[in-house]
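Here is a short report to read alongside the model.

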Amino acid sequence: MANELEQTVLKKAQAWLDGHYDEETKKQVKYLMENDMKELVESFYKDLEFGTGGLRGIMGVGTNRMNVYTVGAATQGLSNYLKRTFAGEQVRVAVAHDSRNNSRMFAERVADIFASNGFRVYLFDTLRPTPELSFAIRELKCHSGVVVTASHNPKEYNGYKAYWTDGAQVTPPHDRNIIAEVEKITDVDQVLIGKHPENITILDEKFDEIYLNKVHELSLSPESVRKYRDMKIVYSPMHGAGVRLVPASLRKFGFTNVIMVEEQAVIDGNFPTVESPNPEERKTMSMAADLVLATDPDSDRIGVALRNKQGEYVLLNGNQTLVLLLSYQLTRWAERGELDGNQYVVKTIVTSQMANAVADFFKVKCYDCLTGFKYIAKIIRENEGKAKYIGGGEESFGYLAGDYVRDKDAVSACSLAAEAAAWAMDTMGLTLYEWLQQLYVKYGFYREGLVSVVRKGKEGAEQIQKMMADFRADPPKTIVGSPVVKINDFQSLEQTDVRTGAKTPIEQDSSNVLQWFTEDGTTVSVRPSGTEPKIKFYFGVKAPLASVADYERTLAALDAKIEGIRKDLRLE
């Protein structure tokens with residue numbers, strides 16, 4: 001069997017030697033054929049899959065790697081779909097990229113292929129935050145767009161995300177239809193390149209101003225910012241695309257004391273000063289400040305660290321950041337008399353139920369949607385002209401305020417976090433950390449946990465499927481002693497009342513996710529990852545918090561409860 005695979009791989013590799021590939025690529029393929037069979041197999045044993053969001057993979061030569069040829073096939077397939085869908089129209093597309101190695105080269109190839117297909121192309125002159133690409137699609141009335149990024153993956157990766165006319169990542173049926181077109185590109189000669197460079201328009205800092213002006217419209221407390229404009233804010237762009245626009249946005253909001261972590265402001269796709277380019281990375285958060293902010297390499301995810309009473313920095317999890325930003329927006333909208341019952345917020349089903357409690361308090365509808373920002377964008381699209389979106393996000397450090405972007409936006413989230421800190425100090429004399437504790441007293445102390453169980457390879461994928469099948473056939477009766485009273489199955493789209501057996505339909509797209517709710521308010525969500533060989537277990541627990549004095553004791557009890565759930569489900 002191994003020999004058969006090697007023969008198939010050698011045949012595919014030989015096709016690259018015989019085809020119209022550049023000499024450097026051929027040299028690398030030849031080297032692998034003669035010296036490194038293991039790496040050759042990894043590079044050619046399958047084609048890098050164009051999934052529902054686009055491409056993501058390790059960079060290198062071969063059909064299973066990110067390179068100008070796999071990027072080219074994806075772009076030609078997308079181009080063919082756009083030509084068919086918008087027949088008779090002048091197709092317009094926008095292209096952006098982050099700081100990763102080869103990102104500029106890939107972005108220029110994408111722009112070249114789009115231009116060669118006769119499209120009007122808007123290409124940013126250098127790296128930009130992913131949310132600005134989403135904004136550009138809407139602002140320039142584009143039909144589609146691409147950003148070259150692998151988000152917070154390790155440095156050897158790159159990726160490619162495709163967007164649709166509303167500035168959101170592609171959703172059904174377009175995602176499946178694009179995949180079908182990409183799969184038809186079987187030869188490098190099918191990819192159009194080198195024609196019509198005059199179709200490419202370069203976007204520069206003038207366009208950034210349009211975007212930053214839009215972000216600034218979100219400002220809710222300019223008078224508080226004026227009083228606390230010299231609040232010390234430390235910001236790290238993690239060697240990525242937020243390097244210019246996050247500080248520019250903070251300055252536009254009125255903050256004057258923004259300090260960049262200099263060694264992490266160097267644009268470098270090797271991310272030399274961080275263990276992983278992730279805003280959750282604790283080592284970033286190590287400089288004395290009132291507020292510490294970080295963004296990932298494509299600047300769509302936000303990390304926030306706040307000082308507690310002991311002067312130690314506490315890195316907020318994504319749920320806490322979302323609850324703070326949502327509470328700030330809703331509080332200010334209410335104080336300004338702008339809530340009239342026609343507003344809504346959105347969160348994903350695995351994100352803290354505390355967001356629902358906050359929305360309920362303000363009598364604002366809270367939609368729960370599947371994991372992934374494209375589903376938040378879908379709800380915004382469905383409500384256009386009917387109701388006003390305020391904000392929303394997901395537990396994985398993504399937040400979006402306002403609907404002029406249709407993807408998570410750390411540029412606006414950083415500015416709102418800073419403004420919320422100024423407002424809390426101005427109106428209540430509280431730090432953001434102290435205000436978060438007050439919110440727990442008001443709404444209940446919600447605490448979340450996440451366990452990822454890794455199962456690699458074909459065998460691992462089968463084990464994950466079996467785990468989901470077993471959970472459906474025999475769900476837990478109790479979780480840490482509390483009876484399970486409700487089950488949501490997003491595959492069958494049925495909600496079951498365990499006590500009566502009554503089933504009601506769930507209005508969602510179908511997805512392989514299970515949720516269990518217990519009598520005491522505990523929630524457990526189970527979902528196989530769409531991008532990695534793992535199955536994820538999300539835990540949500542809650543308890544009343546009588547006063548801030550009880551914070552540490554209640555926190556310890558909730559964390560112990562999360563550990564109990566892990567043991568109950570045997571997630572060792």
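## Overall fold

How many helices and strands does the secondary structure of the protein chain come to? There are 17 helices and 23 strands, counted as DSSP runs from the N terminus (helices are H or I with at least four residues, strands are E with at least two). The radius of gyration is 24 Å, close to the 25 Å that the globule rule gives for 572 residues, so the chain is as compact as a globular protein of that length. That radius is taken over C-alpha atoms, and the rule is 2.2 Å times the number of residues to the power 0.38.

This is a predicted model, in which local features need pLDDT of at least 70 and side-chain atom pairs count only at pLDDT 80 or more, while totals for chains, interfaces and linings use all residues. Residues are numbered from 1 along each chain as its sequence is written, and side-chain values use heavy atoms, leaving out hydrogens and water.

## Inside and contacts

Of the 572 residues, 57% count as buried (under 20% relative accessible area, with a 1.4 Å probe and protein chains only). Among contacts (heavy atoms within 4.5 Å) with a separation of 6 or more, 68% come from residues 24 or more positions apart.

For cysteine 366, the nearest cysteine sulfur is that of cysteine 369, 9.2 Å away. Cysteine 366 counts as buried at 17% relative accessibility, and cysteine 142 is buried too, with a relative accessible area of 4%.

Conventions: Buried means under 20% relative accessible area, exposed over 50%, partly exposed in between (1.4 Å probe, protein chains only). A disulfide is a pair of cysteine sulfur atoms within 2.5 Å.
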